[in-house]
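I opened my notebook to go through this structure one stop at a time. These are my entries, in the order I looked things up.

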Amino acid sequence: LTAMGNPSMDPTISAADSTAQQDSLFSMMDVFLISLITGLFTYWFFFRKKKEEVPDLPKMQSVVAPVRDSSFIEKMKKTGRNIVVFYGSQTGTAEEFANRLSKDAHRYGLRGMAADPEEYDLSDLSRLSEIDKSLAVFCMATYGEGDPTDNAQDFYDWLQEADADLSGLRFAVFGLGNKTYEHFNAMGKYVDKRLEELGAQRIFELGLGDDDGNLEEDFITWREQFWPAVCEHFGVEATGEESSIRQYELVVHTDVNMNKVYTGEMGRLKSYENQKPPFDAKNPFLAQVTENRKLNEGGERHLMHLELDISNSKIRYESGDHVAVYPANDSSLVNHIGEILGTDLDTVMSLNNLDEESNKKHPFPCPTSYRTALTYYLDITNPPRTNVLYELAQYATDSGEQERLRKMASSAAEGKALYLSWVVEARRNILAILQDMPSLRPPIDHLCELLPRLQARYYSIASSSKVHPNSIHICAVTVEYETKTGRLNKGVATNWLKNKVPEQNGSSSLVPMYVRKSQFRLPFKPSTPVIMIGPGTGIAPFIGFIQERAWLKQQGKEVGETVLYYGCRREHEDYLYREELARFQKEGVLTQLNVAFSRDQTEKVYVQHLLKKNKENVWKLLNEGMAHIYVCGDARNMARDVQNTFYEIVSEFGNMSQPQAVDYVKKLMTKGRYSLDVWS
């Protein structure tokens, strides 16, 4: 009873407790249910989102890496082309020839396209036979010592490794080279030979263009025989259409945002204002000129030493590399062209490719002004090629001038001779031609379409990154000469560099540049002797080599004999880096300094004469010391004379016949013990 009576004894307390328990129970339930619902909703939401995103992933991938974008076959089928002209080009000439050949095709009822091998998968060559009347032409330049050009490197590697069956492929090759070089047209010859080895059918003989002679004439001569061979092979005839065909259309921008207009950049818009590494041909670094001094004491020439600041660029270089510099044309030449053609050079325009499928949308960065195009993008100082004269002829109102232009552009012997004498040998650039042909006044947009691109200039780096990690040094001589017409022609890059005076934060002393790697390298072992031969500005890489050997010596490394053969005109006129060389010799880094002053005596003395004079020592270093030989400078005469001298030394002291001595030196080259960095 007591137990049963307890609750009823205090009913108020009992009801409150019960209510509290219920409230507590509902609160916990609420929290649990809300948490459960929230958790389920969150899980469902993210699970649903994931499911929705799954189908989008392939789309994103397909945008980044299109499956067939690298197939030139698909592009040819889509656009109705049957001739593809690939080019391996370092300075733009091979690309120019490829464009001319692809434009020629329409005259024979065929359709061509020029193509950069770097942009396509060349293994597709085996599928070219899928296209009727198909043909692959290769305009291949040779760079340096028998090397492929940068854009043809992957193609070259593929050819070496490929075991493809190219039996259905029809091809022809035109090589661009220079006979003053040891490996004349090596790339053209290799491509021609290798394609045949892989089963391809050559439909016309290999063309070998020689830039030491007349490359334009070599190309025209080859081309005029090439097309009849194509016609015969495919059973087609020339349509007789010789009319001018514009590749680009002009768009003038009257109301344009100037922030979207190119002002000289090579690739990305505003890349000169907002610099981002890595720096290369399409994205050069703007280096400040910190030093620009004249090296020679007298004489008519101007030899100079420049230093470019590469701090914070992340650019790395090795002794022996090349620095590429993008110059600007002389503003007075640009203004003269504008005046003659009666054009407002500050008009902003674009030249848009009429072939919408072409990878090359514009001939140079657009939109831009005519002034910018003529200053930074177009070559206005070299004699124009015959195709430019042919296209321009239609604008000459005087029948005599028009006939003269057409004759020079023809393949007739008389026309070739006239072009050689009136344009090439007289060194007439486009301005001189316009001045000497008063009735020739082409539209400036067509002229801009026709002129080739202004190319970067390469210089051997005259410093060592071990000593100057944040600086690249250049040694150059300004080019200036009088032509047969009495005009004064100036080298674009050297005269532009000459005026690059160091300033504190001054934009006028900025140089767009990048580094190109080379094979011109010091021996792996510092103890290996080196024999360096470099007259004139050919001394440039050897200043870097000697600096590096001095640095290695300071690090406690054993450094082998460092021998230099240098040459200049007169001791008290153009003896470059005289003080530096004397210091290196005094410090014992430069163990031998042999200098030839060619004009300080009645009989001219050159570096090869000093090599002969020291022939016993040269042979000892070469034979016993396993020395490495380096030659830098003029390819046409000096490099050849030096090589012949080595043949004589090897023959005499190695007791070899002339052919054996030649073979000995060639083997040194193959082993990397005889290196050349030469130009013509």
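**Entry 1: a histidine in a loop**

Where is H302 found? I traced the chain and placed H302 in the loop between β9 (285-294) and β10. I kept in mind that this is a predicted model.

Next I asked: is H302 buried or exposed? H302 has 17% relative accessibility, so it counts as buried, the cut-off being under 20%.

Then I listed what H302 touches, leaving out residues up to four places away in sequence. I wrote down K294, N296, A476, V477, T478 and K498.

**Entry 2: the sheet**

I looked up the sheet that holds β9 and β10. It is an open sheet of six strands, in the order β14-β11-β18-β9-β10-β15. The pairing is antiparallel.

Which strands stand at the edges? They are β14 (457-460) and β15 (471-477). Each has a single partner strand, so one side of each is left without a neighbour in the sheet. Neighbouring strands here are turned by 40 degrees against each other on average, direction ignored.

I reminded myself what holds strands together. Strands of a sheet pair through backbone hydrogen bonds, either parallel or antiparallel.

How many bridges join β10 to β15? I noted seven, between β10 (residues 303-309) and β15, which run antiparallel. I also picked out a bridge pair: E307 has H473 in β15 as its partner.

**Entry 3: cysteines**

How many disulfides does a search of the whole structure find? The search gives zero.

I checked C366. It is in no disulfide, and the nearest cysteine sulfur belongs to C448, 9.2 Å away. A disulfide needs the two sulfur atoms within 2.5 Å. C366 is at 9% relative accessibility, so it counts as buried.

C475 is buried, with a relative accessible area of 5%.

**Entry 4: helix α17**

I tested the length of α17 (residues 540-554). At 1.5 Å a residue, its 15 residues should span 21 Å. The end C-alpha atoms are 22 Å apart, which agrees.

How many residues of α17 are buried? Twelve of the 15 are, so I wrote "mostly covered". Among the buried residues are F542, I543, F545, I546 and L552.

Definitions and conventions
Residues numbered from 1 in each chain as written. Predicted model: local features only at pLDDT ≥ 70, side-chain atom pairs only at ≥ 80, totals over all residues. Heavy atoms only, no water. Pairing = 2+ DSSP bridges. Helix = DSSP H or I, 4+ residues; strand = E, 2+ residues; numbered from the N terminus. Axes fitted to C-alpha atoms, helices over the stretch in contact; angles between N-to-C directions. Buried < 20%, exposed > 50% of the residue type's maximum accessible area, 1.4 Å probe, protein only. Contact = heavy atoms within 4.5 Å. Expected span 1.5 Å × (residues − 1).
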